[in-house]
Amino acid sequence: MKIKLLLFGITRDLLNANQVFIDVLENSSIQNLKKELHLKYPLLENINSYAIAVNENYASADLILQENDVVALIPPVSGG
Amino acid sequence: MSKTSIKVTSEKLNLNECYHFVTADSCGGIAAFVGTVRNDTQKKKVTQLDFSTYKPMAIKEMQKIAKLALEKFNIQKIAIHHAEGMLQIGDIPVIITASAKHRKAAFEACQFAIDRLKETVPIWKKEYFEDGEVWVNAHP
């Protein structure tokens, strides 16, 4: 299935896009998604670390993605 | 009546609004934290800061922090407001106010909220220097 991934902060500049699409197998976890993401966008290794949010909540590595989830890549935050 | 006021806005933040939100007849003290844009970082001159946000999630995370602060400390109300967009030196990116019967809880709640905000709320700042720009915290 195709996952739409929202981009923010430095990842928007790195990939030169506000969002990207990633193909993952059915029942893929966040960990699987990160693997696919790194294969497709090795540039992401230039940042410290990042989290993944699903439906506007931080997601753990073992969370299983569902069709139509709103997924976002959250690079290290720096508000305040 | 709501005990929390959460806002992410491209308008100028208003300390008076955050102050008035937390006032209550039963409170004996109000603490406020106001973040301001500093003119230097690591000895480099900063010209401006650009704050971008994942707004719906930022609001959710700020709401979680406010709720936790209400549970953890003996406070009555809390406001957490954050700005987005381009800010100049001296501008205010964040205001937190908390009211409590006694001062200690109000101080502690403000400190907790700003510390947690910096760790979890999806807001990113880009620092602009005279000779370039950098996303804060993004690189090792």
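1. A quick convention to begin with: a residue is called buried if 20 or more other C-beta atoms lie within 10 Å of its own, exposed if 12 or fewer, and partly exposed in between, with C-beta atoms placed from the backbone. On that basis, buried residues make up 36% of the 140 residues in chain B.

2. Please keep in mind that this is a predicted model, in which local features need pLDDT of at least 70 and side-chain atom pairs count only at pLDDT 80 or more, while totals for chains, interfaces and linings use all residues. Residues are numbered from 1 along each chain as its sequence is written, and chains are lettered from A and ligands numbered from 1 in the order in which they are written.

3. Now the overall fold. Chain B has three helices and nine strands, where helices (H or I, at least four residues) and strands (E, at least two) are DSSP runs numbered from the N terminus. Their order along the sequence is β-α-β-β-β-α-β-β-β-α-β-β. The radius of gyration of chain B, 16 Å, is close to the 14 Å of the globule rule for 140 residues, so the chain is as compact as a globular protein of that length; the radius is taken over C-alpha atoms, and the rule is 2.2 Å times the number of residues to the power 0.38.

4. Chain B also contains an open sheet of four strands, ordered β1-β5-β7-β2 with mixed pairing; strands pair if DSSP finds at least two bridges between them. At its edges are β1 (4–9) and β2 (29–35) of chain B, each pairing on one side only. Inside the sheet, seven bridges join the antiparallel strands β5 (residues 75–83) and β7 (residues 94–100) of chain B, and B:His81 stands opposite B:Ile95 in β7(B).

5. Helix α2 (residues 55–72) of chain B lies across β1, β5 and β7 of chain B, at about 155° to β1(B). Such angles run from 0 to 180 degrees between N-to-C directions, with axes fitted to C-alpha atoms, for helices over the stretch in contact.

6. The largest nonpolar core has 54 residues, and B:Ile78, B:Ile80, B:Ala98 and B:Ala109 have the most contacts inside it. Such a core is a set of buried Ala, Val, Leu, Ile, Met, Phe, Trp, Tyr and Cys residues joined through C-beta atoms within 7 Å. Beyond its neighbours within four places in sequence, B:Ala109 is in contact (C-beta atoms, placed from the backbone, within 7 Å) with B:Ala69, B:Phe73, B:Ile75, B:Ile78 and B:Ala98.

Conventions. Two residues are in contact if their C-beta atoms, placed from the backbone, lie within 7 Å.
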